[in-house]
Amino acid sequence: GEGNFVRKQRTRQSMWPNRTARRRPPVPAVVAALAAVLTLGGLTQARTLELWNLNVSAASQAWYLNEFKPAFEARHPGVTVNISFPPQAEFYDRMVVQTVAGNPPDVFSSNNALFYVEGFSENLGPYLERWDRRHDLLDIAATMISYKGIVYGIPLGLAPRTLVVNTRILAESGYDAANPPTEWDEIQTAARRLTQWSPDRSQILQAGVARNTEVWTYQGLTEAYGGRTFDDDGFATFNRPEGVHALESWGNLLRDVAPPGVPMPGNAEGKTAFFLYTNQALFVTAANAGPDIVAQLAVAPRPVTVQTASVPLAGAPLGISAYAQDKQLAWELLAFHFEPEMIWGYNRAQGFLPPLKSALTPDVLEEFPWFALFVEHMAAYGSPLWSITHPQFGIVRPFLQSAIDAYVRGGGAAQALLDEAARQWDAVVRERSF
């Protein structure tokens with residue numbers, strides 16, 4: 001599993017009364033009303049800070065309460081930090097309710113573009129300009145949580161998705177495990193060859209490729225074909241030839257070697273040749289599999305390549321509420337996450353990739369050798385997930401996901417399915433433009 005990634009967004013898109021009509025929310029009026037409420041009602045006490053982070057595991061929750069909170073409060077005598085871990089499904093609605101009530105979090109997971117367009121997130125540009133760690137951020141981390149040129153968050157951890165292979169399976173089948181197939185056509189051929197079925201073809205004994213039908217995999221393949229999921233105005237472009245080719249090639253491969261409903265090995269069993277994997281998924285696999293299996297897994301030297309390559313990039317961003325009472329203190333709480341001991345403490349617990357160059361020390365790379373190639377692929381081909389930059393994401397994503405799933409099940413032609421998804425998608429964008 002890949003944890004509570006930003007890619008796992010299920011956030012409802014609005015609490016405004018006209019939500020079901022899908023008309024544009026009266027954002028300026030709502031923001032003005034919120035400002036009046038906060039001016040009249042006040043916020044939490046000046047020396048109390050509220051931190052909400054939804055990108056947490058049991059281990060990182062314990063780290064927050066046992067290490068991060070005491071350390072920050074010791075650095076800032078008289079300041080109390082209250083930390084909450086709201087679930088993804090409730091996060092947006094709770095943010096609206098608490099802000100209207102005059103009790104917004106000071107620092108929060110700013111991974112929903114609605115927070116930007118509806119005025120909940122503070123512009124972090126001025127803080128970044130004077131931050132002494134700004135130039136220590138990996139280049140893509142400095143700008144990935146942005147909307148129309150304004151930065152609204154900084155990723156506390158990163159999760160690029162690239163090609164991971166089982167070197168044992170490849171070597172035993174005559175491939176050069178150190179230089180595995182990375183061209184998409186070659187991967188498809190190898191995956192078909194390496195898949196092993198039971199005699200009655202009722203189950204897969206060795207998987208040529210992991211079963212994966214997520215929109216993020218489709219995003220990466222469409223971009224590798226030279227296409228895009230949507231244009232600068234948010235309208236669908238995935239039904240253009242590049243997106244059609246991506247769905248056909250990917251869907252046909254899954255139909256052949258990992259059809260829906262057929263039992264197949266899990267990712268931690270050491271019986272799958274090719275994965276499209278994040279570093280956190282590899283971290284979880286390493287935690288759940290034996291050392292012999294972990295030793296078989298390696299990041300390929302290059303990402304999946306067609307005309308180019310694309311590495312879909314998720315993150316765990318933190319931002320500041322536009323209604324925080326003491327924004328400078330809120331910034332200090334956010335920035336404290338990037339202290340050397342803190343940034344690695346969180347990422348070790350969560351399995352993410354630290355976004356600071358200085359955090360990738362020789363000791364870290366020795367312990368987690370796959371980090372180096374993940375960073376290399378991300379730097380050259382990283383493409384932030386569009387959940388971060390598309391305000392209508394929560395509404396439009398199911399249209400595309402349904403088209404992908406239908407094609408893999410054999411439910412129609414790729415072009416027709418994507419055209420219908422694009423029609424539904426564009427209707428939402430027209431009716432809910434910002």
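Student: Leaving aside its neighbours within four places in sequence, which residues is Y64 in contact with?

Tutor: This is a predicted model. In it, Y64 is in contact with L51, N53, V56, K69, P70, I83, F85, L156, L318, H337 and Y346.

Student: What makes these count as contacts?

Tutor: Contact means heavy atoms within 4.5 Å. The residues listed for Y64 pass that test.

Student: Which residues touch the most other members of the largest nonpolar core?

Tutor: Y64, F274 and W425 do, in a core of 133 residues. The largest share comes from α17, with 10 residues.

Student: Why are α17 and α18 called roughly antiparallel?

Tutor: Take the crossing angle. The axes of α17 (residues 393-408) and α18 (residues 414-431) cross at roughly 170 degrees. Angles over 145 degrees count as roughly antiparallel. The two helices are therefore roughly antiparallel to each other. Their axes come within 9 Å.

Student: Which residues make the contact between α17 and α18?

Tutor: From α17 come I395, V396, F399, L400, A403, A406 and Y407. From α18 come A414, L417, L418, A421, Q424, W425 and V428. By class, that gives 13 nonpolar, 1 polar and no charged residues. W425 is also one of the residues that touch the most other core members.

Student: Why is E73 called partly exposed?

Tutor: Its relative accessible area is 22%. Buried means under 20%, and exposed means over 50%. E73 falls in between, so it is partly exposed.

Student: Where does E73 lie, and what does its side chain reach?

Tutor: E73 lies in helix α2 (residues 58-75). Its side chain makes a polar contact with the side chain of K69, at 2.7 Å. The E73 side chain also reaches the backbone nitrogen of V81 at 2.8 Å.

Student: How do you know that these are polar contacts?

Tutor: The cut-off for a pair of N or O atoms is 3.5 Å. The K69 pair is at 2.7 Å. The V81 pair is at 2.8 Å. Both pairs are therefore within the cut-off.

Student: How many residues apart in sequence are E73 and L333?

Tutor: They are 260 residues apart in sequence and 9.7 Å apart in space, C-alpha to C-alpha.

Student: How many helices and strands are there in the protein?

Tutor: There are 18 helices and 12 strands. Of the 434 residues, 57% are buried.

Definitions and conventions: Residues are numbered from 1 along each chain as its sequence is written. This is a predicted model: local features need pLDDT of at least 70, side-chain atom pairs count only at pLDDT 80 or more; totals for chains, interfaces and linings use all residues. Side-chain values use heavy atoms; hydrogens and water are left out. Axes are lines fitted to C-alpha atoms, for helices over the stretch in contact, and angles run from 0 to 180 degrees between N-to-C directions. Helices (H or I, at least four residues) and strands (E, at least two) are DSSP runs, numbered from the N terminus. Angles under 35 degrees count as roughly parallel, over 145 as roughly antiparallel, 65 to 115 as roughly perpendicular and the rest as oblique. Ala, Val, Leu, Ile, Met, Phe, Trp, Tyr, Cys and Pro count as nonpolar, Asp, Glu, Lys and Arg as charged, and the others, Gly among them, as polar. Buried means under 20% relative accessible area, exposed over 50%, partly exposed in between (1.4 Å probe, protein chains only). A polar contact is a pair of N or O atoms within 3.5 Å; within protein, one must be able to donate a hydrogen and the other to accept it, and residues adjacent in sequence count only if both atoms are side-chain atoms. A nonpolar core is a set of buried Ala, Val, Leu, Ile, Met, Phe, Trp, Tyr and Cys residues joined through side-chain atoms within 4.5 Å.
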